[in-house]
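Hello,

Here is the structure I promised to hand over. Please open it first, then read the notes below.

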Amino acid sequence: MRIVFVHGAFVRDGAWWWQPTADLLARRGLRSSAAVLPSCETEPRGDLHDDAAAVRALLDASDEPALLVGHSYGGMVITQAGRHPAVRRLVYVTSFLPDAGEALADFGGGEPRHVSHGDGTASVREELVRPLFAQDFDDATYAAAAARLAAQNEVVFGQRTSEVAWREVPSTYVVCGDDLATPPEKQREHAGRATDVVELPVAHHPFVTRPELVAEVLLQRTR
């Protein structure tokens, strides 16, 4: 079994974000890789369908069965891409878990978390990053994370899913109970669609700050 990781919105260098968890999994003999999402990591910026295609290409690279893990916006991507013969389970980490025809914008509400640049891209509002998305990062980790923030193609927020992998593939939802960016009550609404649910006392990026907890959830689902 291998693990394929899909990062969230407004960041690049997905491998960096998942590396603490990937290192623990490697010690247990599990191979992993992280997708590069065209909507925020390439020029010109791609869209949701390009992101899903990039994940499918990563899955195509091996015949080995895979656990497909998505964080936040990554839940949209794994839902669109996850009906792939290699995928044995989907894992949503404080993620959006859409049904057919739903878009990221449908799960909004409250004050906008991003700012538009007027060129078709948007970025997370800088003043919200640490208090909402990284409140448990130490200074060095936060500096490294902030250096990996990226503009993303705005079109992804309005694009609707046309594939719904979780209706055919078993799924696990990891509720992050201390998340200030995605309220736990909203996560639990999404989690109601998953096959099973795990709740952890962690913030928005547990694979960075509490990798041992995330690794254990994944290891249990590869057995």
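In what sense do E5 and strand E6 (residues 121-124) pair, and over how many bridges? The pairing is antiparallel, and E5 and E6 share three bridges. Keep in mind that this is a predicted model.

That pair belongs to an open sheet of three strands. The order is E5-E6-E7, and the pairing is antiparallel. E5 and strand E7 (152-153) are the edges. Each has a single partner strand, so one side of each lacks a neighbour in the sheet.

Serine 116 has alanine 122 in E6 as its bridge partner. Threonine 121 has asparagine 153 in E7 as its bridge partner. E6 and E7 pair over two bridges, again in the antiparallel sense.

The hairpin of E5 and E6 has four residues between the strands. In that hairpin, glycine 118 takes a positive phi near 80 degrees.

Now the whole chain. It holds nine helices and nine strands. How does its radius of gyration agree with that of a compact globule? With 223 residues, such a globule would have a radius near 17 Å. The chain has 16 Å, which agrees. Its C-alpha atoms fill a box of roughly 45 × 40 × 35 Å, taken along the principal axes.

Some totals follow. Of the 223 residues, 53% count as buried. The chain exposes about 9,300 Å², and carbon and sulfur atoms supply 51% of that area. Take the contacts between residues at least 6 apart in sequence: 70% of them join residues at least 24 apart. The chain carries 22 positive and 31 negative charges.

Next, the backbone. Most residues other than glycine have a negative phi, and most peptide bonds are trans.

- Glutamate 43 and proline 44 are joined by a cis peptide bond, with omega about -5 degrees. Proline 44 sits in the loop between helix H2 (38-41) and helix H3 (48-60).
- Phenylalanine 10 is not a glycine, yet its phi is positive, at about 65 degrees. It lies in the loop between strand E1 (2-6) and helix H1 (14-27). Its relative accessibility is 9%, so phenylalanine 10 counts as buried.
- Threonine 94 is not a glycine either, and its phi is positive, at about 40 degrees. Its place is the loop between strand E4 (87-93) and strand E5 (114-116).

Is threonine 94 buried or exposed? Its relative accessibility is 0%, and buried means under 20%, so threonine 94 counts as buried.

Threonine 182 is found in the loop between strand E8 (171-176) and helix H7 (184-191). At 9% relative accessibility, threonine 182 counts as buried.

Best wishes

Definitions and conventions:
Residues numbered from 1 in each chain as written. Predicted model: local features only at pLDDT ≥ 70, side-chain atom pairs only at ≥ 80, totals over all residues. Heavy atoms only, no water. Rg over C-alpha atoms; globule rule 2.2 N^0.38 Å. Buried < 20%, exposed > 50% of the residue type's maximum accessible area, 1.4 Å probe, protein only. Contact = heavy atoms within 4.5 Å. Areas by Shrake-Rupley, 256 points an atom, 1.4 Å probe, with all protein chains shown as cover. Lys, Arg positive; Asp, Glu negative; His and termini not counted. Charge placed at Lys NZ, Arg CZ, Asp CG, Glu CD. Pairing = 2+ DSSP bridges.
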